[in-house]
Amino acid sequence: MGEITEEIIELYTEEGEPSGTTIRRGEAATDGLLFPVVCVWVRDEKGRFLVTLRSKAKKASPLKWENPGGACRQGETLAEGAARELFEETGIQAAPEELRLGSSMVQYGCLVLTYSFHTDRKKVVLQEGETEAYKWVSERELFWMLGRRKFAEPIEKQIRHYRKELPTF
């Protein structure tokens, strides 16, 4: 597959519906529409969560932990975007229908949708320029990391928002 030179994003309503309005990545959303962001909490057979360390070259939150995720592109469903981001950032393949939709929230002009996925796969292939390391953490360690501000700030807010729901992912 060739490199994408320009990402076109379809904006969404707060209710999670595509608006038909598109923007180029980097442009601001308008008219109360939201930039669609998907993230995936991956759990292994022991119930541990997969977290990845953001690249030191990243402008925002370098060397902070996060879960796989990113923006959805025009023409893909939210679940397709989540599956693509999961594969791009970790090498873990999941069909969109294998991802379970959790909650959503509005954050920084984005509609953030959280999915969960269970896997027995241990091998993770990191995306160059995006992530530097990964680890599988227990729920207890995840919340320990949260209390010590080890996560990128948007992810911290999401974890706090989903805190009661997270153990069920």
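**Exercise 1. Which exposed residues does the face of α2 turned away from its buried side carry?**

Solution. The model is predicted, so local features need pLDDT of at least 70 and side-chain atom pairs count only at pLDDT 80 or more, whereas totals for chains, interfaces and linings use all residues. Residues are numbered from 1 along each chain as its sequence is written, and side-chain values use heavy atoms, with hydrogens and water left out.

Step 1. Helices (H or I, at least four residues) and strands (E, at least two) are DSSP runs, numbered from the N terminus. Buried means under 20% relative accessible area, exposed over 50%, and partly exposed in between, with a 1.4 Å probe and protein chains only.

Step 2. List the buried side. In α2 the buried residues are L142, F143, M145 and L146. Seen down the axis of α2, they fall within an arc of 155°, so they line one face of the helix; the arc is that of the directions from the helix axis to the C-beta atoms.

Step 3. Turn to the other face. The face of α2 away from the buried side carries the exposed residues R140 and G147.

Step 4. After α2 comes R149, with a positive phi near 55°.

**Exercise 2. Find the buried residues of helix α3 and state how they are arranged.**

Solution. Step 1. Helix α3 spans residues 153-162, and its buried residues are I155, E156, Q158, I159 and Y162.

Step 1. Viewed down the axis of α3, these buried residues fall within an arc of 165°, so they line one face of the helix.

**Exercise 3. Describe the setting of R54 and T131.**

Solution. Step 1. R54 belongs to strand β4 (residues 49-54). Its relative accessible area is 13%, so R54 is buried.

Step 1. The side chain of R54 reaches the backbone oxygen of A60 at 2.7 Å.

Step 2. Contact means heavy atoms within 4.5 Å. Not counting residues up to four places away in sequence, R54 touches A60, S61, P62, L63, K64, E66, E130, T131, E132 and A152.

Step 3. T131 lies in strand β9 (residues 131-137). T131 counts as buried because its relative accessibility is 8%.

Step 4. With neighbours within four places in sequence left aside, T131 is in contact with T52, L53, R54, S55, E66, E89 and L126.

**Exercise 4. Locate the largest nonpolar core and name the elements that give two or more residues to it.**

Solution. Step 1. A nonpolar core is a set of buried Ala, Val, Leu, Ile, Met, Phe, Trp, Tyr and Cys residues joined through side-chain atoms within 4.5 Å.

Step 1. The largest such core has 21 residues, and V40, V42, L99, Y115 and F117 have the most contacts inside it. The elements that give two or more residues to this core are β3, α1 (78-90) and β8. Helix α1 gives the most, five residues.

Step 2. Apart from this core lies another, of 16 residues, among them L142, F143, A152 and L166.

**Exercise 5. How do strands β1 and β2 pair?**

Solution. Step 1. Two strands pair if DSSP finds at least two bridges between them. Strand β1 (residues 8-12) and β2 run antiparallel and are joined by four bridges.

Step 1. I9 has I23 as its bridge partner in β2.

Step 2. The hairpin of β1 and β2 has five residues between the strands, and G16 there takes a positive phi near 90°.

Key:
A polar contact is a pair of N or O atoms within 3.5 Å; within protein, one must be able to donate a hydrogen and the other to accept it, and residues adjacent in sequence count only if both atoms are side-chain atoms.
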